[in-house]
Amino acid sequence: MPDLTLPDDTTLRAWALAYLRHAPMSLTLREVNRLVAIEALGPVEGATLDVGCGDGYWWTLRDHAGQSIYGIDISAREIAQAKQRINAELTDVSAEQPFPDQRFAQIIGNCSLEHVPDIDAALANLRASAAPGARLVMFVPTPQWAYQGRMQSLLLKHLPRVAMTVAGAMNGFFQHWHLYDQKVWRRLLAQNGWKVDSVLGLGSQRSEFLFRMFMPPAFLQFIAKKATGHYPAKLYKYLPDAALAPLTKLVSWAVQDPLVPPDSPHAYEYMIIASCGEVQPL
């Protein structure tokens, strides 16, 4: 595992508080975990592209002074909000090259590329957008993510068909087109011009327990966002910090040391770090 420096508890609590006022608890746990991971990698010099940037909120919590942040998404509603925070455009990365006149020193796929049906076209378009020596950081689910949790463990032991049905329903709901072992991701990236430098796992037993415990209300908030464009958690901005302190502390406790070996039973995501060689012509 690379030598990484993790954020301190003060930073974790600040991120947790901010995200709890923006998104449901389950999503907060996932996003703060990814913030910890990307922060641990350290900054790059040059422009960054966020593939599947959503509303761009992720970029309001980190210091990216000296960097130009670009984002793409297939949701017009999300891009409208993202444009208030970063340089954002409505783009399908499997159909076209993002910002064709711009080269990127860093490209981040924040749990987005597993949702793209034509993954080869997407990876090739991202490779064409990369500056010499660019870094690609992908967060993608591990194949076993939908089998984690105590209920699924029990079903796998006694009712494996039911466990597989539940896992299939979860992956179908989240529109996961690509659930691969890291070896498959390495081959996919290599055939599209990327060299995998390292693969880490993201997760812990405590964060996974909380994620699944808060999933039912998170699902309801997801439905509400589809209807209104915002999570109901946005109303938490009217609450004082003290009212959210217990949840903030809980998130901070859950996301400490989230980086694990990729074959860990607690790894619900891979963080794949790849690089490229010479730039391709425009």
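Guide: A18 is buried, with a relative accessible area of 18%. The cut-off for buried is under 20%, so A18 falls inside it. Keep in mind that this is a predicted model. A18 sits in helix α1. Set aside its neighbours within four places in sequence, and A18 is in contact with Y57 and L61. For a sense of scale, take A163. A18 and A163 are 145 residues apart in sequence. In space they are 35 Å apart, C-alpha to C-alpha.

Now the helix itself. Helix α1 covers residues 9-20, and helix α10 covers residues 241-255. Two packed helices are described by the angle between their axes and by the distance between those axes. Here the axes of α1 and α10 come within 8 Å. They cross at roughly 120 degrees. An angle of 65 to 115 degrees would count as roughly perpendicular, and one over 145 as roughly antiparallel. The two helices are therefore oblique to each other. The crossing of α1 past α10 is right-handed.

Which residues make the contact between α1 and α10? From α1 come D9, L12, R13, A16, L17 and L20. From α10 come D241, L244, L247, T248, K249, V251, S252 and V255. By type, the residues of this contact are eight nonpolar, two polar and four charged.

Next, the nonpolar cores. The largest one has 48 residues. Y19, L29, F139, L259 and M271 have the most contacts inside this core. Helix α2, residues 25-41, gives the most to the core, with nine residues.

Last, two backbone points in loops. C111 lies between β4 (104-110) and α4 (119-129). Its phi is near 50 degrees, a positive value in a residue other than glycine. Q175 lies in the loop between α6 (160-173) and α7 (182-190). Phi of Q175 is near 55 degrees, again positive in a residue other than glycine. Q175 is exposed, with a relative accessible area of 55%.

Technical notes:
Residues are numbered from 1 along each chain as its sequence is written. This is a predicted model: local features need pLDDT of at least 70, side-chain atom pairs count only at pLDDT 80 or more; totals for chains, interfaces and linings use all residues. Side-chain values use heavy atoms; hydrogens and water are left out. Axes are lines fitted to C-alpha atoms, for helices over the stretch in contact, and angles run from 0 to 180 degrees between N-to-C directions. Helices (H or I, at least four residues) and strands (E, at least two) are DSSP runs, numbered from the N terminus. Angles under 35 degrees count as roughly parallel, over 145 as roughly antiparallel, 65 to 115 as roughly perpendicular and the rest as oblique. A crossing is left-handed if the near helix is turned anticlockwise from the far one by less than a right angle, and right-handed if clockwise. Contact means heavy atoms within 4.5 Å. Ala, Val, Leu, Ile, Met, Phe, Trp, Tyr, Cys and Pro count as nonpolar, Asp, Glu, Lys and Arg as charged, and the others, Gly among them, as polar. A nonpolar core is a set of buried Ala, Val, Leu, Ile, Met, Phe, Trp, Tyr and Cys residues joined through side-chain atoms within 4.5 Å. Buried means under 20% relative accessible area, exposed over 50%, partly exposed in between (1.4 Å probe, protein chains only).
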